[in-house]
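Subject: Structure for your review

Dear colleague,

Please find below the structure that I promised to hand over to you. My notes on what was found in it follow.

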Amino acid sequence: MEAIQGILEFIDQIFVKLSFWFSAQLANFLPDWGVTFIMMFATVLVLIVFGLASIIWINVFERKIIGRIQDRYGPNRFGPWGLLQCVADMIKLLTKEDVTPTKADRLIFNLAAVAPVIPTFMILAVLPFGRGMVAADLSIGYLYIVAVGCLGTIAIFMAGWSSRNKYALLGGMRTVAQMISYEIPMVLSVVGVLLLVGSLSMVSIVEAQGQWRLPFVVLQPLAFVLYFTAAVAEVNRSPFDLPEGESEIVAGYHTEYSGIKFAMFLLAEYINAFSICAIATTVFLGGWQGPILPSWAWFFIKTYFLYFVLIWMRGTLPRLRVDQLMNFSWKTLVPLALANLMLTALVAKLVPQYSHVGAIAFLVMNVVVIVCIALVKYPRWRRDRREVVLVPRTATPQVDSS
Amino acid sequence: MTAKETFDRLAAKFPQFPLGYLEGKDTAILVKGENLVGLAQHMRDDEEYDYCSSITGVDYPDRFEVVYHLYSTKKEGGPVILKVHAERENPMLPSVVSIWPTANWQEREVWDLMGIRFSGHPNLTRILMWEGFEGHPLRKDFPGSEDEYIFG
Amino acid sequence: MTELKTETITINMGPQHPSTHGVFRLILTLDGETVVDVEPVVGYLHRNHEKIGEKNNWIQNTPFTDRLDYISPMSNEFAYVLAVEKLAEIEPPERAKYIRIIMVELNRIVNHMIAVGFLLNELGCFFTPMFYCLRWRELVVDLYEMTAGSRMMPNYFWIGGVSADLPEKFLPECKEFVDAVPGFIDELERLLTDNEILQMRCRNVGVLPPDVAVEYGCTGPLLRASGVPYDIRKAEPYSIYDRFDFDIAAGTVGDVLDRYLVRIAEMRQSAKIVEQALRDLPEGETATPKKRKFRPPEGDVYHRIEAPKGELGFYLVSDGSENPYRYKIRAPSFVNLQSLPYMCRGHKIADVVIIIGSIDITMGEVDR
């Protein structure tokens, strides 16, 4: 029994042990600051390689599932089960001609292609991929994520503005409006959780869920839904994919980009989508915690499950219109997030931490809020179901035709 | 009501308009160009022919002819067909866009392909051919055989 | 507070754009995202169909009409063939008449499936509803292939009948398809109709009041969605439509949602018609004896049918020779498209796209 536990423990900590072993090897011939420096460098390298490599399977995963949703196979030509499709795509993108429009603002145009990728990788730094597997456990973890995440907006607006293309400009404008509006509910919905934890650090958020013995999705279901909705909009995924609304504004902000620069935008988009799933996992789904399987496995299972939900939404939902998008954020998500925050603060004061009573109180609170929303919104939601009128004959009198 | 009855009634109502009665597969009423708008107004307002289905230009050897097919969405029955003749040299007819807005593009098409002008049309420009195209392709004298393809 | 100085921008949408249904160009004047004015520019697919039609002889024109609205070739042939038959006073055999109705109504189902699929695509549904619709279109196209030998350009209708009798497999497979259609439409409706986003996007967008619709000469689902139950199959029954029991679907508001619902309802009605036609299908000849040189008598004739997209009319003038003297097509898409600027003004740019989708145009027919 103990042996099995030992093995499990070993698998669980394999990456951590690997890094200890590596730094121990370095310590043999390097001074302390050198080891630290190299270790930091190595961690960054690992994260970037992970990010780039994960595109390969995320892309295939997405296309396969979309294919299944659409009653077709998805990629199945290159590599076993089409797994290498992404490699083929990348080679295609890399060998394409890199076009810069004559009238574009060249410096910003080129800069904008690189800019969105940097913040996406920066977010990966604070994500705890497993027990002890975090590149930098910042005490301001979530704040850092929000701050860095904002940078993506600027990059996309740069792209939209510098292209000198009206579709790109429209896409850029939409992005700014959308991302700023949705950042607010996205942050506010998590603040409730942060209140319960009392810390901004991502690792403490996960550990707090261990102490509650419940993931925060049980305590804060409303906040989870709000966060996930807002986050989907934040990364411009369907049904909030207005900035690149293909059927309306061609490709939005990246209309004019081709080749490697276009690939950069795709890369940023995929990693962003992965990041929001990872953050939702960490904050709401208990992060790496789970029985039997190693911690990092649990983290990825949960994250990819959420990613599957994203793909599912992309495969089924139509897109919102720009004014409806704004209304949804400001009139629905923000008030709900605020209400959730205030009630959470209230309940958190009244009930003891880490107790069953507390958990039940939070659940009741959420149920009450949801019922209230239903009561207020239901008359509006229950629209009259439009039916067509079936006219058996023409309504006009019968007249002899000539 | 038969087309003959329609014709008789219209002829009695508008003694000032000389109308012609054209027997055929589809019976038509021949109108003079200057009376077209007056008759069209009457057809729409008093006879409930609110829907102008098609406007066609035909290039006959001695004349141009524009055919209006009128239907009614309020009462059933076949069309009332108005035919208007225009002379071969510089053909010009009054526009019925003010009566049936649907005539807008159809008259533009007739102008574009057949070269019949419509006076009073709000925007009589080419619609299917490009601006600056010379000639009117549906005219019989326009080249159209295989070795005379037109490339722009 | 000083007024913010704003400027309208002009966007050239098309002729190469993902959702303009071919080479169609719109000059949009925008105030931010709001559409101030729209100017449709057509003609990029113009090949002077009517002139070529005058060079062809009467029989050659039948397959040529397939190229008009390439999504519903059978309807185009039907309209042309009926017009020529009216001109030459030919009466096709009974069996041919029923076969024609079956084909044309199957065609209506196909056309509406594509219309609904593409509308949803333009709403931003990443191809899923479209694939669902295309899957069912495929079955109909298979039926066409089985009978006519070609999937999209069947050249099946001949003057005075149809070119071939139905193959043996056709009847059971067609019956199976028709029986399955209501189930499929239910599935589609479960997926789409009650979707909150779809309802939000389509409701009260692109409203076309009935009087305006008639003024602009709109026909087909576009007109009926505006609340005018005008269907040529009922108003002026041609061929044998008076023998079938079916209803006209009419909308109440005239927005995009109504057009979508009317199309869904029409698919059900079409399935009903096909079912009745299959039931009553008589035995016998499928074509009158064919002549190599077909010369209708002199005269002119206009015949219109209720094509899936609206009123499709052919105005034919014969001078008694082998070629038509004038061969004019009254294309539903061309006329319906005129109402686009009216419907788009004041809406957002995203609505323009779905309004185009809800009119259901095919450029092959608009530009001819």
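Two residues are said to be in contact when they have heavy atoms within 4.5 Å of each other. With that cut-off, 58 residues of chain C are in contact with 38 residues of chain A. Please bear in mind that the model is predicted.

The interface between the chains

Between chain C and chain A, an area of about 4,300 Å² is buried, and carbon and sulfur atoms give 56% of it. On the chain C side, the residues that lose the most area to chain A are Phe126(C), Ile197(C) and Arg203(C), which together account for 14% of what that side buries.

The sheet in chain C

Chain C has an open sheet of 3 strands in the order β1-β2-β3, with antiparallel pairing. Strands β1 (9-13) and β3 (34-41) of chain C stand at the edges with a single partner strand each, so one side of each has no neighbour in the sheet. From one strand to the next, the twist averages 20°. Strand β1(C) is joined by 5 bridges to β2(C) (residues 25-31), and the two run antiparallel. Within this pairing, Met13(C) has Leu26(C) in β2(C) as its bridge partner.

Which helices lie across these strands? One is helix α14 of chain C (residues 349-359), which lies across β1, β2 and β3 of chain C and runs at about 150° to β2(C). Another belongs to chain A: helix α8(A) (residues 166-197) lies across β1 and β2 of chain C, at about 115° to β1(C).

Two packed helices are described by the angle between their axes and the distance between the axes.

The axes of α8(A) and α9(A) (residues 202-212) come within 10 Å and cross at roughly 70°. Helix α8(A) is therefore roughly perpendicular to α9(A). Here Val193(A), Leu194(A) and Val197(A) of α8(A) meet Ser204(A), Ile205(A) and Ala208(A) of α9(A). This contact has 5 nonpolar residues, 1 polar and no charged.

For α6(A) (residues 117-124) and α13(A) (residues 259-284), the axes come within 9 Å and cross at roughly 25°. Because angles under 35 degrees count as roughly parallel, α6(A) is roughly parallel to α13(A). The crossing is left-handed. Among the residues that make the contact are Phe121(A) and Leu124(A) of α6(A), and Leu267(A) and Ile271(A) of α13(A). The contact of α6(A) with α13(A) comprises 10 nonpolar residues, 3 polar and no charged.

Yours sincerely,
A colleague

Methods. Residues are numbered from 1 along each chain as its sequence is written. Chains are lettered from A and ligands numbered from 1 in the order in which they are written. This is a predicted model: local features need pLDDT of at least 70, side-chain atom pairs count only at pLDDT 80 or more; totals for chains, interfaces and linings use all residues. Side-chain values use heavy atoms; hydrogens and water are left out. Axes are lines fitted to C-alpha atoms, for helices over the stretch in contact, and angles run from 0 to 180 degrees between N-to-C directions. Helices (H or I, at least four residues) and strands (E, at least two) are DSSP runs, numbered from the N terminus. Angles under 35 degrees count as roughly parallel, over 145 as roughly antiparallel, 65 to 115 as roughly perpendicular and the rest as oblique. A crossing is left-handed if the near helix is turned anticlockwise from the far one by less than a right angle, and right-handed if clockwise. Ala, Val, Leu, Ile, Met, Phe, Trp, Tyr, Cys and Pro count as nonpolar, Asp, Glu, Lys and Arg as charged, and the others, Gly among them, as polar. Two strands pair if DSSP finds at least two bridges between them. Buried area is the accessible area (1.4 Å probe) that two parts lose on being put together, summed over both.
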